[in-house]
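Let's take a walk through this model, one spot at a time. Have the viewer open and follow along.

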Amino acid sequence: MGAGPGDPDLITVRARYLLDNCDAVVYDSLIPDELLVTLPVDVDLRYVGKKTGEHSLPQDEINNLLVRLASQGKRVVRLKGGDPFVFGRGAEEASYLQEHGIAYEIVPGITSGVAAPAYSGIPCTDRRDASYVMFLTGHKAVDKMLSSVPWDWVGGAKDGTLVIYMGVAEIPGIVEKLLAAGMPPDLPAAAIERGTVSTQRTVTSTLSELPAAVAEAHIRPPALFIIGKVVGYHDALSWYRDKPLFGVRVMVTRPSDQSAELYRELRELGAEVLAYPTIATIEDFRSDDWDALRKVTSEDRWAVFTSENGVRYFLKQWYATIGDIRDLRAYKVAAIGDGTARALHAANIAPDFARTTGTTAALADHMVAKFDLSQATIVRVRSNLSSERVEATLEKAGARVIPLQVYRNFPAKWSAATKTKLFANLPDVITFTSGAAAAGLAKNLTTDELQRLTNGATVVSIGPATTKRIESYGIKVGMESKIHTMTSIVEDLIARHHTNPLKRTPWSAG
Ligand code: SAH
């Protein structure tokens, strides 16, 4: 099925549904990271695309893999960039499944040849300027089908639009053939690289000057070419490039199960999200701690939440062990962080004491300053990595503290394909919302790789404790959030980008 052209939101509702209900995903290189990293950890992910300097898995091996996975009873998604039937070999794979008696369905996707120009303000057809559109492949003769474009005939097409896929290496030869066939040399033309993602680039010129313009701008695949008068709309209709973080590649290292909103927010602002979680979380259920909680008799009870996951797993375990949410009424609720606040809000719980900004440790200080906790029993909801300072501060104030561990963080192990992809498109900004995320990154990379990744990028930290940890790996922190929220980090990025572009290399957008 089609994953769409690059922007993860451009997947169809049907494809999204199947992705959310599958056991295995066999995918190519142009699939947006976000679609993959947000899948449950038990989904079997198989990369069959190109590795650096190598070719993709041969087609018959892909075919066999699909049959093998399906024969194991798995619900298999074969995820392809754009649309599976537009230069996507979808039909070859479907025929193979058909021959082997495997049930399948085809889910169309938005093809890049329509979507990339749309994100560039170029309509494929237009009542005034183009009454037809042709999709062509510029790929040279690797096999017969691909070599059969009748360029001299296509060159006669003056009042329509040509969309040429896979032609970066071949464009000089193609243009030569079109001109020889009588296409006007001053016809508007464009190259669009990485269409529909924030780092999309559009280069426009005339047909005869297109090869030189493409070479000068170092256009690289994935890119396609548009030839026709419709290219003239690009300047006026370029809605995408006006977004505040357009062109900025932001790497997000925190766990993907807490990041869906952040990914979206960054994308709404026009940034490209590189979703590379370096840690993952898993539920941890400690029956002894819940026994202790059950025995609490104090009149003055608190539950302290310092993370979104803490809220989520706590409520799940509460229901499993204690049951009805109404019994939680016996507890006052304290919370720190905007993610924590959102998770409580989602569960219709209004905290008695909340700070949306500030460090976790500061929450305990604030509580101690504001309340007499000498008779209190405080349930401190935590993970294996939560700061011990909260417990210490509350105990010093005379409270009895029950640490309740409801989840664990562990380093996410990256595959070779993940690393290859990251180094092919280095981030401009790298965000860390915890020291553990920095540690997780260092675990996945060699010292040399860590330097290559971070040199030239703006490294952003959520607060002093995280900064210290990042710097312990020899990484320079370029920005530290003053109020320690992800929202403030995003605001700081916009402000910084405005005055001092957050790009690794000078770069022309479009
Ligand atoms: N099935 C895909 C096309 C696969 S062929 C689809 O429907 O879009 C691969 C070619 O598609 C690339 O060489 C490039 O020409 C084009 N392409 C894919 N994604 C693109 C993108 N985001 N921007 C520009 N071109 C893209």
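**A loop, a ligand and a helix pair**

Start at Pro-108: leaving aside residues up to four places away in sequence, it touches Gly-2, Thr-12, Asp-83 and Pro-84. Keep in mind as you go that this is a predicted model. As for where Pro-108 sits, look in the loop that runs between helix 4 (90-99) and helix 5 (112-119). If you jump from Pro-108 to Ser-148, you cover 40 residues in sequence and 25 Å in space, going C-alpha to C-alpha.

Now for the ligand. It is surrounded by 17 residues, and the closest are Val-86, Thr-111, Ser-112, Gly-195 and Ala-223. Zoom in on the polar atoms. The side chain of Thr-111 has an N or O atom 2.6 Å from an oxygen atom of the ligand. Met-166 uses its backbone instead, with an N or O atom there lying 2.8 Å from a ligand oxygen atom. On the nitrogen side, a polar backbone atom of Gly-195 is 2.8 Å from a nitrogen atom of the ligand.

Last stop: helix 17 (residues 435-444) and helix 19 (residues 464-471). Their axes are 8 Å apart and the packing angle is about 15°. Angles under 35 degrees count as roughly parallel, so that is how helix 17 and helix 19 run relative to each other. The crossing of helix 17 past helix 19 is right-handed.

Which residues of helix 17 and helix 19 meet? Helix 17 brings Gly-435, Ala-436, Ala-438 and Ala-439, while helix 19 brings Thr-466, Arg-469 and Ile-470. Sorted by type, the residues of this contact come out as 4 nonpolar, 2 polar and 1 charged.

Note on methods: Residues numbered from 1 in each chain as written. Predicted model: local features only at pLDDT ≥ 70, side-chain atom pairs only at ≥ 80, totals over all residues. Heavy atoms only, no water. Axes fitted to C-alpha atoms, helices over the stretch in contact; angles between N-to-C directions. Helix = DSSP H or I, 4+ residues; strand = E, 2+ residues; numbered from the N terminus. Parallel < 35°, antiparallel > 145°, perpendicular 65-115°, else oblique. Left-handed = near helix turned anticlockwise from the far one by under 90°. Contact = heavy atoms within 4.5 Å. Nonpolar A, V, L, I, M, F, W, Y, C, P; charged D, E, K, R; others polar. Near = heavy atom within 4 Å. Polar contact = N/O pair within 3.5 Å; in protein donor to acceptor, adjacent residues only side chain to side chain.
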